[in-house]
Amino acid sequence: MADVREVNLGLDFCLRIGEVLLSSGAGAADVTATMQTLAYHLGLREADIDVTFTSLSMSWQQGPEEVPLHATRLVRQRVIDYEHLTRVDHLIRAVLRDEVTLKEARASLARITSSGHDRPRWAITLAWGLMCAGVAIQLGGGPVVVALAFLASAVIDRLQLQISRRRMPSFYQQVAGGGVATLIALAAASTPLDVDVSLVVTANIVMLLAGIGFMGALQDALTGFYITATARLTEAMLATAGIIGGVSGGLSLAGAFGVEIPQLDPGAADLQSVSMLAVGSALCAGAFAYASYAPKRILLPIAVIAAIAIGISQSVEFPGIGRTWSVAMAALFVGLVSYTVAGRMRVPPLVVVVSAVVPMLPGLSIYRGLTLLAEGGAYTSAGLLAMVTAASVAIALSSGVILGEYVAQPLKREARKVESRLSGPRLVGASRTMARSRRRSRGGS
């Protein structure tokens, strides 16, 4: 790639691939390793890549006496889109197998990022409703709570869609969602129906909770990307603070209109039997994957893995083992099976991992801890304990999944040489070893 124009096209292609991966929830280590692999394959040996929360940069110098070329790209939006992520993952593998040229790959990438989806937007709204209904089942809610969770989550999704179209920051979307969840719960409680307001509020706001962002932040920290981890953690905490503001605003509005407010204990959960937990977890994980545009062929495996994982966490916890270790063992199981299942279903392991651990995310503990800390006084110690519990569970989830991927997906010696900054197992993208490249070149000659 001595031609400057070809070099610029290669840099731009790698950056655009990295942008799609990063905006779809991939870890900074995966994004860096994928860009390094593509650059190596395109002839840009020893390219320098830097990934942060909002930008990607890449530079390459042909020789000590040559002028280095540098390019950057900003990540302007963050939407979990597993359909685009899967199609980009397939494109990466096609490039590494020399099935497409750089020009064809750039055209394919443009089609992927500019095309829509095959499922209507109302189906995504229903999927979010089913996800929260699954959470309500996990929490032990009855038919009324499950129905209210479904209805409220659908209303919240449509409201957030309208707010996002006006390009308002996500913090205000969280505030609006928390307020709507609280008002719907209080409206149901003012009727003759026997409704547990705490369960309704908890089930309704799960789709708003920042547990996924919190786990992603810890994954980046474990793989050595501390700046990105700090930024993701800040975003997660700010989003959770928006939920608290929305819930408190809904309570204040109801009190101003003279609505009787029953005892509210956000985050409280009366977990039922393992069988009901498994059903709720399967519904929650499968619906989340569908709402995130995951390919339909992977929905059933994700639901089965989530149900087995929640069963492992509960059965291990019964003999007296702490929740943190039980969740870590369940996450280890998810990491072990996700690589094989994802390979058979032709999707990135990230799609399976994130969706399967959604029912175990510590978002409720984070929300409960921040709520108690906001109360102050005698609630401070309980709030700190809840936050420590949430952090320990999130670390257990992240470390368990990564350890499982390490065992199931051992890195090859040649891949480590090519991808010097790869600090963990690959959850998205493909590696091209030097040995395979040499065998292909000898066979072609």
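1. Val393 is buried in this predicted model, with a relative accessible area of 1%. The residue belongs to helix α16, which covers residues 380-408. Apart from neighbours within four places in sequence, Val393 has contacts with Arg323, Thr324, Val327, Met360 and Pro362. A further pair worth checking is Val393 and Trp325: the two are 68 residues apart in sequence, while their C-alpha atoms are 8.4 Å apart in space.

2. Asp157, a residue of helix α6 (residues 143-165), also deserves a look. Its relative accessibility is 5%, so Asp157 counts as buried. With neighbours within four places in sequence set aside, the contacts of Asp157 are Arg121, Thr125, Trp128 and Met207.

3. For the chain as a whole, the secondary structure consists of 18 helices and three strands. The chain has 445 residues, and 53% of them are buried. Contacts between residues at least 6 apart in sequence were also sorted by separation: 73% of these join residues at least 24 apart.

4. The strands form an open sheet of three, in the order β1-β2-β3, and the pairing is antiparallel. At the edges are β1 (48-51) and β3 (69-74), each of which pairs on one side only. On average, neighbouring strands in the sheet are turned by 10 degrees against each other, with direction ignored. In general, strands of a sheet pair through backbone hydrogen bonds, and the pairing may be parallel or antiparallel.

5. Which residue of β3 stands opposite Leu56? The residue is Arg73. Strand β2, residues 55-60, pairs with β3 over six bridges in the antiparallel sense. Helix α2 (residues 28-41) packs on the sheet and touches β1 and β2. The direction of α2 makes about 155 degrees with that of β1.

6. Helices α3 (residues 82-96) and α4 (residues 102-114) have axes that come within 10 Å and cross at roughly 175 degrees. The cut-off for roughly antiparallel is over 145 degrees, and α3 and α4 are therefore roughly antiparallel to each other. On the α3 side, the contact involves His84, Arg87, Val88, Leu91 and Val95. On the α4 side, Ala105, Ser108, Leu109, Ile112 and Thr113 take part. Sorted by class, the residues in this contact are six nonpolar, three polar and one charged.

7. How many disulfides does the model have? The count is zero. A disulfide is a covalent bond between the sulfur atoms of two cysteines, and the rule applied here asks for sulfur atoms within 2.5 Å. Cys132 is in no disulfide, and the nearest cysteine sulfur, that of Cys284, is 7.7 Å away. Cys284 is likewise in no disulfide, its nearest cysteine sulfur being that of Cys132 at 7.7 Å. Cys132 has 0% relative accessibility and so counts as buried. Cys284 is buried as well, at a relative accessible area of 1%.

Conventions. Residues are numbered from 1 along each chain as its sequence is written. This is a predicted model: local features need pLDDT of at least 70, side-chain atom pairs count only at pLDDT 80 or more; totals for chains, interfaces and linings use all residues. Side-chain values use heavy atoms; hydrogens and water are left out. Two strands pair if DSSP finds at least two bridges between them. Helices (H or I, at least four residues) and strands (E, at least two) are DSSP runs, numbered from the N terminus. Axes are lines fitted to C-alpha atoms, for helices over the stretch in contact, and angles run from 0 to 180 degrees between N-to-C directions. Contact means heavy atoms within 4.5 Å. Buried means under 20% relative accessible area, exposed over 50%, partly exposed in between (1.4 Å probe, protein chains only). Angles under 35 degrees count as roughly parallel, over 145 as roughly antiparallel, 65 to 115 as roughly perpendicular and the rest as oblique. Ala, Val, Leu, Ile, Met, Phe, Trp, Tyr, Cys and Pro count as nonpolar, Asp, Glu, Lys and Arg as charged, and the others, Gly among them, as polar.
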